[in-house]
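I opened my notebook to look a few things up in one protein model.

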Amino acid sequence: MKKFSLIFLGCPKNQVDCEKIVYSLLKEGYFITTNLKEAEIVILTTCAFIKQGVKECENWLKKLIALKKKGVIKKIILYGCLVEREREGLIEKYPEVDCFVGLGGLNKIPLLIKKKENYYLPKNKQVLIKNLPRIITEPFSYVKIADGCNNCCSYCLIPKIRGKYQSREIKEIKEEVKELVDLGIKEIILIAQDTTLYGIDIYQKPSLAKLLKELIKIKNLKWLRILYTHPAHYDDELIRIIKDEEKIVKYLDIPIQHASNRILKLMNRPYTQKDLIKLLEKLRKIPNLVLRTTVMVGFPYEEEKDFLELLSFIKDFKFEYLGCFIYSREENTFAYNLEKQIKENIKKERYQKIMETQQKITFNFLNSLKGKIFLTLMENKNLGRAYFQAPEIDGYVIFNKKDIKIGEFANCKILERKGYDLVGKIIEK
Ligand code: SF4
């Protein structure tokens, strides 16, 4: 009985790939174990868009190589973005690894193991493989509608790692969503590097609105959530359908990255602060809309006045949730060669100021929910999420009731805030 373990590192797009890898191995008669010491084969799925991600992968690799040297595990398979980023260089660096699999090899792993192949690194980055079944582990499910990216933000390696923008066809996505809903999944989360650019390659224009119109026809689909949108790729039709369609969760993830026009230009983000304000004011007309954003501090040439412009923008605009990245200087990006790099201590100070400011805004938002009642999706024995909470990033509603049916909805009254979480009481199922 061949047992394998899979270590998942990275983003929800990688999570979907992992669910497909696990399915392909279970189908070939392998057994999954979470105990590394029981596993004959270990698959490490990797993230490599910033150095920190690479470091985390390398730490895991060292652990696995040590286990292999002790004879505890037999095979190490390395999959994903790190393999794409470093390619042949990685093979020389880690001879103990049995197989290096690029993103295009998602469905080839069982075969590569059988054939004792050392690597699978196709030149053409076909990162989207059609109709690959997957295992489902949560009462919600990420659905990748596209992969790769054409936006070429000056600090980002993803276009080099995951290739050009590739959309899946509406028909294929709708079939997958219908299957998931038939399996009892209540919340579908649409993901891509840029979901608002969906269809640009196969329908010659952004077609997220067209896709949404098809998906909301699916009976029993309860929540349709959209993550990773781009401020430059919204249009009025998309905003109208998000506003009018009940199944579309009134929650949007819209990374702005910065608010200083000078820095936005250097980042190659094709919008100005004025454009942002115009878009965000339009979105704020959607009743009860909750917005999450991501910003970056310490970008080359970011002067104190640019930073203060960003700080006052998030104070004024009050995103309910905000994540902040410290700029990471990545080789092979345009920004890497920008002369005026910012000192690490200044980057950290700016990061701290942004997070302190945002914490007050988010806590005020969460405090304002006290006494209100929300439909809540039960995620495990005493945790659930309301519409304003995306999984794994926005906190949970905590219950003191044990007999909760996972994957079901219940109406829940918010009693109080507890850090970034809320304490709730179920009032009816
Ligand atoms: S939109 Fe920009 S930051 Fe996001 S994946 Fe594409 S290039 Fe990278």
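These are my entries, one topic at a time.

**Entry 1: what I am looking at**

I noted at the start that this is a predicted model.

**Entry 2: the second largest pocket**

I went to the second largest pocket and wrote down a volume of about 460 Å³. Which residues come closest to its centre? I found Trp223, Glu246, Val249, Lys250 and Tyr387 there, out of 21 residues that line the pocket.

Next I checked which elements give two or more residues to this lining, and they are strand E12 (248-253) and strand E15 (373-380). E12 supplies the largest share, three residues.

I also sorted the lining of the second largest pocket by residue type: 13 are nonpolar, two are polar and six are charged. Then I looked at domains, and at least three lining residues come from each of domain 2 (140-367) and domain 3 (373-427).

**Entry 3: the cavity**

A reminder to myself: rolling a probe the size of a water molecule over the atoms shows where empty space is left. How many cavities of 30 Å³ or more does the structure hold? I got one.

The largest cavity has about 60 Å³ of space in it. I listed its lining as Asp17, Lys20, Leu106, Val127, Leu128, Ile129, Leu132, Lys144 and Arg168. By type, that lining divides into five nonpolar residues, four charged ones and no polar ones.

**Entry 4: the cysteines**

From my course notes: a disulfide is a covalent bond between the sulfur atoms of two cysteines. I counted them in this model and came to zero disulfides.

The cut-off for a disulfide is a pair of sulfur atoms within 2.5 Å.

Cys57 is buried, because its relative accessibility is 0%.

**Entry 5: around the ligand**

I moved on to the ligand and wrote down the residues that surround it: Cys149, Asn151, Cys152, Cys153, Tyr155, Cys156, Ile158, Pro159, Gln193 and Arg269. This shell divides into seven nonpolar residues, two polar ones and one charged one.

One of the shell residues, Cys152, got a closer look. It is found in the loop between strand E8 (146-147) and helix H5 (158-162). I put Cys152 down as partly exposed, because its relative accessible area is 42%.

**Entry 6: positive phi**

Background first: most residues other than glycine have a negative phi. Cys152 has a positive phi of about 55 degrees, although it is not a glycine.

Tyr228 turned up too, with a positive phi of about 55 degrees, and it is not a glycine either. Where is Tyr228 found? I traced it to the loop between strand E11 (223-226) and helix H8 (236-244).

I started with Gln358, which is found in helix H12 (residues 344-367). Gln358 counts as buried because its relative accessibility is 2%. From Gln358 to Val397 I count 39 residues in sequence and 20 Å in space, C-alpha to C-alpha.

Lys348 is found in helix H12 as well. I marked Lys348 as exposed, because it has a relative accessible area of 51%, and the cut-off for exposed is over 50%.

Glu309 counts as partly exposed, because its relative accessibility is 31%. Glu309 and Asn261 are 48 residues apart in sequence, and their C-alpha atoms are 9.5 Å apart in space.

Conventions
Residues numbered from 1 in each chain as written. Predicted model: local features only at pLDDT ≥ 70, side-chain atom pairs only at ≥ 80, totals over all residues. Heavy atoms only, no water. 1 Å grid on protein atoms, 1.4 Å probe; cavity = no way out; pocket = protein on both sides within 12 Å on 5 of 7 lines; lining within 4 Å. Points joined across faces, edges and corners; volume = space filled by probe spheres on them. Helix = DSSP H or I, 4+ residues; strand = E, 2+ residues; numbered from the N terminus. Nonpolar A, V, L, I, M, F, W, Y, C, P; charged D, E, K, R; others polar. Domains from an automatic or database assignment. Buried < 20%, exposed > 50% of the residue type's maximum accessible area, 1.4 Å probe, protein only. Near = heavy atom within 4 Å.
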